[in-house]
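The exercises below are meant to be worked with the sequence and the model side by side. Each task is followed by a solution that goes step by step.

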Amino acid sequence: MTSDQQSAGVSHAGPSGWVRDALRVHEEQAAEEEAARGSHRGSPQPRAGTVREELVLERIDRARRSRPRVKEERITMSHGAGGKATQTLIEAVFLDAFRNPLLEPLEDAAALRVGGARLALTTDSYVVSPLFFPGGNIGDLAVNGTVNDLSVSGATPLYLSAGFILEEGFPVADLGRIVTSMREAADAAGVQVVTGDTKVVERGKADGCYINTAGVGAIARGLDLGVANARPGDAIIVTGPIGDHGVTIMLARGELDIEADVTSDTAPLNGLAAGLLSATPGVRAMRDATRGGVATILNEIAKAANVGVLVSENDIPVRAEVRGASELLGIDPMYVACEGRLVAVVDGAAAGDALAALRAHPLGGQAAVIGHVTADPPGIVQLKTAFGGTRIVDLLVGDPLPRIC
């Protein structure tokens, strides 16, 4: 050794002095934390010096339970993408202002009682870019999306409204194509567009055409669906391959030199949902996996019911074309939007009947059980990877694919 190495405390026989000190401090802190925590449910405590997974999970849980607050001074695209930023905006601004028992569940539709009837009411806005894409356009997307929000709430969709915000200079022929698609989609779903509104804004103040919808449906007596109903042991089912719509939209923009034979999965899910509900009384909840994809739905289940969710990567259906395009784009199909898939939480004992009913429908032929609800760790979604390990599937702050619905 040189004199400089000696003075620096470097030795081939073992760690240098500052390394030993750091390790000692780390072990002392770990021991203090364990003593302060006392007994703790869950897996046995890891040895000092190993990765302390339960502490990490606890810190994540504490962060999630803190009061939501919008830190940004201005709205960004992330606030409309369906991830953490959207959730924070909804809870910190809108829910805080409008809080009431009908809004607080934050389901896809509000369950209302009018006289002796139970109705579901939903609303949505569509700003997809481009307006026309393989498999559909903004018109049928608007109808199907509204029908699906009612359907996953356990309602039979009945009536829709349609509001149009049109930009000066928008081609009338394109508007005609959009409206025709809406009529055809409404006929296919068995609903009627019964009221609407039209506004025109100056050139450059919109993106051609935006559509706002509202929908009303009838809820069967005694049916009470919601992600807060999830219980340990429940099965989690997805009704088909995920990510088709989001990848289709991204490639349709023509900004990337990627070719893939994919089309949007936009479709009305009322028949599929009704078949599932008829097959078994064990359905706890349904959600259509739009903005934020399946991963966001799983996190909503875990948070609302204060349960854990464990899913298997090998069991999640993804088309080879979607998986390949996602890899090239550097995105995870779990976070990519669908427009014709729903996620169902079903009593584990009823999973077989539920799966059979879904697969009997044309839109559910590739339905699969992708995981189960667990007791621990509460509020956390974990993915068992194809390599046999597990990783946390958290909410994204924003969305890798903006303006997809």
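**Exercise 1. Find the salt bridge that R391 makes, and describe where its two residues lie.**

Solution. The side chain of R391 meets that of D332 in a salt bridge, at 3.1 Å from N to O, where a salt bridge is a side-chain nitrogen of Lys or Arg within 4 Å of a carboxyl oxygen of Asp or Glu. The pair links distant parts of the chain, since R391 is in strand 14 (residues 390-392) while D332 is in the loop between helix 10 and strand 11, 59 residues apart. Helices (H or I, at least four residues) and strands (E, at least two) are DSSP runs, numbered from the N terminus. R391 is partly exposed, with a relative accessible area of 33%, and D332 is partly exposed as well, at 25%; here buried means under 20% relative accessible area, exposed over 50%, and partly exposed in between, with a 1.4 Å probe and protein chains only.

Before going on, note that this is a predicted model, in which local features need pLDDT of at least 70 and side-chain atom pairs count only at pLDDT 80 or more, whereas totals for chains, interfaces and linings use all residues. Residues are numbered from 1 along each chain as its sequence is written, and side-chain values use heavy atoms, with hydrogens and water left out.

**Exercise 2. Are the partners D265 and R341 buried or exposed, and which parts does their salt bridge tie together?**

Solution. The side chains of D265 and R341 meet in a salt bridge at 3.8 Å, N to O. D265 lies in the loop between helix 7 (244-252) and helix 8 (270-279), and R341 in the loop between helix 10 (320-329) and strand 11 (342-346), so the pair ties together parts that are 76 residues apart in sequence. D265 counts as buried at 7% relative accessibility, and R341 counts as buried at 7% too.

**Exercise 3. How many salt bridges does the structure hold, and which residues do shared partners join into one network?**

Solution. The structure holds 14 salt bridges. Among the residues involved, E107, D108, R287 and E300 are joined into one network by salt bridges that share partners. A further pair is D197 with K199, whose side chains meet at 2.7 Å, N to O; D197 is partly exposed at 40% relative accessible area, and K199 is partly exposed at 45%.

**Exercise 4. Which residues have a positive phi without being glycine, and where does each lie?**

Solution. Most residues other than glycine have a negative phi, and most peptide bonds are trans. L106 has a phi near 55° and lies in the loop between helix 4 (84-98) and strand 1 (110-114). N306 has a positive phi of about 55°, and its place is in the loop between helix 9 (293-305) and strand 10 (308-312). L106 is partly exposed at 33% relative accessibility, and N306 is partly exposed at 38% relative accessible area.

**Exercise 5. Where are the cis peptide bonds at P130 and P377?**

Solution. A cis bond joins S129 and P130, with omega about 5°, and P130 is in the loop between strand 2 (117-126) and strand 3 (132-133). The bond from D376 to P377 is cis with omega near -10°, and P377 is in the loop between strand 12 (368-374) and strand 13 (381-384).
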